[in-house]
Amino acid sequence: MENLLIELSNKEFSQELSSKAAVPGGGGASALVGALGASLGLMVGNLTIGKAKYASSEPQIKVLMEEAEKLRLRLLDLVDGDAVAFEPLSKAYSIPKDAPGREEIMEKCLKDAAAVPMEILRICCKVIQLQQEFAKLGSSLAISDAGTGVAFCHSAMKGAALNVLINTRSMKDRAYAEEMNFEVETLLNNYEPMAQNVYKEVYNRLS
């Protein structure tokens, strides 16, 4: 791609996303939302460290922040990574069905296109775990940011899952597809309740 999507302004990215262009799409948008969720966790950390009231938890908060920053940066990379992986697939769909080698090309493109949202899904699950700790250890003045962050990552996780499944359903290698589908289901089953519980706990503390 000529220009990085992540370097667009918010207004420009939203406009591109709303167009009929193949990219950005749901995968890239999920990565961006997940990165914003991680950023909110970092905000909680930055509002906590240096406060005498939270001195005992500061070492743990700093560890959480270091990990959250790595995940935030990776999710930003994947905004464009998703577009790079999907573009060949969008072109492969236009190959005539009777063209030699079409099936092999399609299969490779489908696997590549599914791999990026799968990584986005995995990372969002990790960020949800971090948000659970930020909500528990962070400043009570920033508790709403932890709750918002986990809500963002929950949405990003679900969006990424759908972008895996839309590709696995067309794969000829059903064993590979079912393996990916199983991982999606397992991650959702494990981390959706966690995200919901963190959000509910934050909500209850504020209401």
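Analyst: From the N terminus on, the order of elements is α-α-α-α-α-α, that is, six helices and zero strands. Here helices (H or I, at least four residues) and strands (E, at least two) are DSSP runs, numbered from the N terminus. Before going further, note that this is a predicted model, in which local features need pLDDT of at least 70, side-chain atom pairs count only at pLDDT 80 or more, and totals for chains, interfaces and linings use all residues. Residues are numbered from 1 along each chain as its sequence is written, and side-chain values use heavy atoms, with hydrogens and water left out.

The C-alpha atoms fill a box of roughly 70 × 35 × 30 Å along the principal axes. Of the 207 residues, 43% count as buried, meaning under 20% relative accessible area, with exposed over 50% and partly exposed in between (1.4 Å probe, protein chains only). Among contacts (heavy atoms within 4.5 Å) between residues at least 6 apart in sequence, 78% join residues at least 24 apart.

Now to your serine. Ser30 sits in helix 2, which covers residues 26–46. Ser30 counts as buried because its relative accessible area is 6%. Beyond its neighbours within four places in sequence, Ser30 touches Ile120, Ala156, Gly159 and Ala160. With Ala160 there is also a polar pairing: a polar atom of the Ser30 side chain lies 3.5 Å from the backbone nitrogen of Ala160. For a polar contact, the pair must be N or O atoms within 3.5 Å; within protein, one must be able to donate a hydrogen and the other to accept it, and residues adjacent in sequence count only if both atoms are side-chain atoms.

Val23 and Pro24 are joined by a cis peptide bond, with omega about 0 degrees. Pro24 belongs to the loop between helix 1 (10–18) and helix 2. For background, most peptide bonds are trans.

As for the cysteines, the chain has zero disulfides, where a disulfide is a pair of cysteine sulfur atoms within 2.5 Å. Cys124 is buried, with a relative accessible area of 0%. Cys109 is buried as well, at 10% relative accessibility.
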